[in-house]
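Take a look at the structure below. The walk-through covers a few neighbouring positions, one at a time.

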Amino acid sequence: MGKATKELSAREVFARNLRRARRLKDLSQEQLGLEAGLSRAYVSSIELGERNVSVDNMGLLANALNVPLRDLVDPDKFRGLD
């Protein structure tokens, strides 16, 4: 039998897409944090899905990656890029 696919929460989608977008840009968490004005530890906790990130910080991260914020919350964006 096939494995049931679990629907990701909005936090999990953002975490996954942030990590994938950062890797596509070949940036470390430290570099992304510096560009966004956030700490590496904060970026890490977001990517691990441990944080409820504010919309303002979501915008800072999207701007630092030079991607539209909507891409970071789209469950179908960056699919299969791990």
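Predicted model: local features only at pLDDT ≥ 70, side-chain atom pairs only at ≥ 80, totals over all residues.

Arg16 sits in helix H1. Which residues does Arg16 contact, leaving aside its neighbours within four places in sequence? They are Leu8, Asp74, Pro75, Asp76 and Lys77.

Move on to Asn17. Asn17 also belongs to helix H1. Its relative accessibility is 0%, so Asn17 counts as buried. The side chains of Asn17 and Arg16 are joined by a polar contact of 3.2 Å. Beyond four places in sequence, Asn17 touches Asp71, Leu72, Val73, Asp74, Lys77 and Phe78. Asp74 and Lys77 are on that list, and Arg16 is in contact with Asp74 and Lys77 as well.

Now take Leu18. Helix H1, residues 10-24, contains Leu18. Is Leu18 buried or exposed? Leu18 is buried, because its relative accessible area is 0%. Not counting residues up to four places away in sequence, Leu18 touches Leu32, Ile46, Glu47, Leu61, Leu65 and Leu72. Leu72 is also touched by Asn17.

One of these partners deserves a second look. Leu18 and Leu61 lie 43 residues apart in sequence. In space, their C-alpha atoms are 8.1 Å apart. Leu61 is among the residues that Leu18 touches.

Key: Residues numbered from 1 in each chain as written. Heavy atoms only, no water. Helix = DSSP H or I, 4+ residues; strand = E, 2+ residues; numbered from the N terminus. Buried < 20%, exposed > 50% of the residue type's maximum accessible area, 1.4 Å probe, protein only. Contact = heavy atoms within 4.5 Å. Polar contact = N/O pair within 3.5 Å; in protein donor to acceptor, adjacent residues only side chain to side chain.
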